[in-house]
Amino acid sequence: MATYKKFCMHCSGLIPGDSKLCPLCGADDPFELRCPKCRNPVERNWLICSSCGFSLNIRCPFCGKGTFSAPVCSSCGAQLIVRCSSKRCAELQVITASNRCLKCGKAFK
Ligand SMILES: [Zn+2]
Ligand SMILES: [Zn+2]
Ligand SMILES: [Zn+2]
Ligand SMILES: [Zn+2]
């Protein structure tokens with residue numbers, strides 16, 4: 001069987017199509033959109049998560065347009081990934097409407 005490659009939707013890197021984890025950015029589920037908070041599978045046009053009600057729509061800090069809370073802005077293609085500034089946490093995550101770390105709750109600037 002020929003190996004095929006797909007784009008990771010988190011880092012846009014080209015990786016093997018059967019990857020469980022993205023070898024480039026370490027994201028789990030590289031080909032599926034999930035709620036950043038509860039990991040429920042979500043669709044790109046949803047405003048909130050159907051499972052936990054988390055807001056999935058954010059304003060891109062780069063182009064100022066509303067976009068899905070995904071690793072890449074659907075308007076300008078900028079990466080919407082932040083690392084928590086807490087040294088003990090340092091969790092990599094997508095920018096969310098809450099503007100807080102999803103892991104430790106620290107507010108981002
Ligand atoms: Zn990736
Ligand atoms: Zn959720
Ligand atoms: Zn943008
Ligand atoms: Zn954190």
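Reply: Start with a definition. Strands are DSSP runs of at least two residues, helices runs of at least four, both numbered from the N terminus. Ser98, for example, is found in the segment after E6. Keep in mind that this is a predicted model.

Me: How many helices and strands are there in the protein?

Reply: The protein has 6 strands and 0 helices. Read from the N terminus, the order of elements is β-β-β-β-β-β. Overall, the radius of gyration is 14 Å, close to the 13 Å that the globule rule gives for 109 residues, so the protein is as compact as a globular protein of that length.

Me: What does the C-alpha trace span along its principal axes?

Reply: About 45 × 35 × 30 Å.

Me: What pLDDT does the protein average?

Reply: First the general idea. Where pLDDT is low, the predicted coordinates should not be read in detail. Here the average is 89, and 98% of the residues score at least 70. Now go element by element. E2 has the highest mean pLDDT, 95. Strand E6, residues 92-94, has the lowest, 88.

Me: Into which domains is the protein divided?

Reply: Domain 1 covers 1-32, and domain 2 covers 46-109. Their C-alpha centres lie 20 Å apart.

Me: Which residues make up the largest nonpolar core?

Reply: The general idea again. In soluble globular proteins, nonpolar side chains tend to be buried together. In this model the largest nonpolar core holds 12 residues. Cysteines are among them: Cys35, Cys49 and Cys73. The core also includes Val42, Leu56, Ile58, Phe68, Ala70, Val72, Leu80, Val94 and Ile95. Across the protein, buried residues make up 22% of the 109 residues.

Me: Which residues does Phe68 touch?

Reply: Leave out residues up to four places away in sequence. Phe68 then touches Arg44, Leu56, Asn57 and Ser74. Leu56, like Phe68, belongs to the largest nonpolar core.

Me: What share of the contacts joins residues at least 24 apart?

Reply: Take the contacts between residues at least 6 apart in sequence. Of these, 17% join residues at least 24 apart.

Me: Where is Trp46 found?

Reply: Trp46 sits in the loop between strand E2 (14-16) and strand E3 (57-59).

Me: Why does Trp46 count as partly exposed?

Reply: Count the neighbours. A residue is buried at 20 or more other C-beta atoms within 10 Å, and exposed at 12 or fewer. Trp46 has 15 C-beta neighbours inside 10 Å, so it counts as partly exposed.

Me: What is the phi of Ala90?

Reply: About 55 degrees. The value is positive, although Ala90 is not a glycine. Ala90 is in the loop between strand E5 (81-83) and E6. Ala90 is exposed, because 12 other C-beta atoms lie within 10 Å.

Me: Where does Asn99 lie?

Reply: In the segment after E6. Phi of Asn99 is also positive, near 55 degrees, in a residue other than glycine. Asn99 counts as exposed, with 12 C-beta neighbours inside 10 Å.

Me: Back to Ser98. How many other C-beta atoms lie within 10 Å?

Reply: There are 16, so Ser98 is partly exposed. Now find Cys73, a residue of the largest nonpolar core. The C-alpha atoms of Ser98 and Cys73 are separated by 17 Å, with the residues 25 apart along the chain.

Terms used. Residues are numbered from 1 along each chain as its sequence is written. Chains are lettered from A and ligands numbered from 1 in the order in which they are written. This is a predicted model: local features need pLDDT of at least 70, side-chain atom pairs count only at pLDDT 80 or more; totals for chains, interfaces and linings use all residues. Domain bounds come from an automatic or database domain assignment. A nonpolar core is a set of buried Ala, Val, Leu, Ile, Met, Phe, Trp, Tyr and Cys residues joined through C-beta atoms within 7 Å. Two residues are in contact if their C-beta atoms, placed from the backbone, lie within 7 Å. The radius of gyration is taken over C-alpha atoms; the globule rule is 2.2 Å times the number of residues to the power 0.38. pLDDT is the predictor's confidence in each residue, from 0 to 100.
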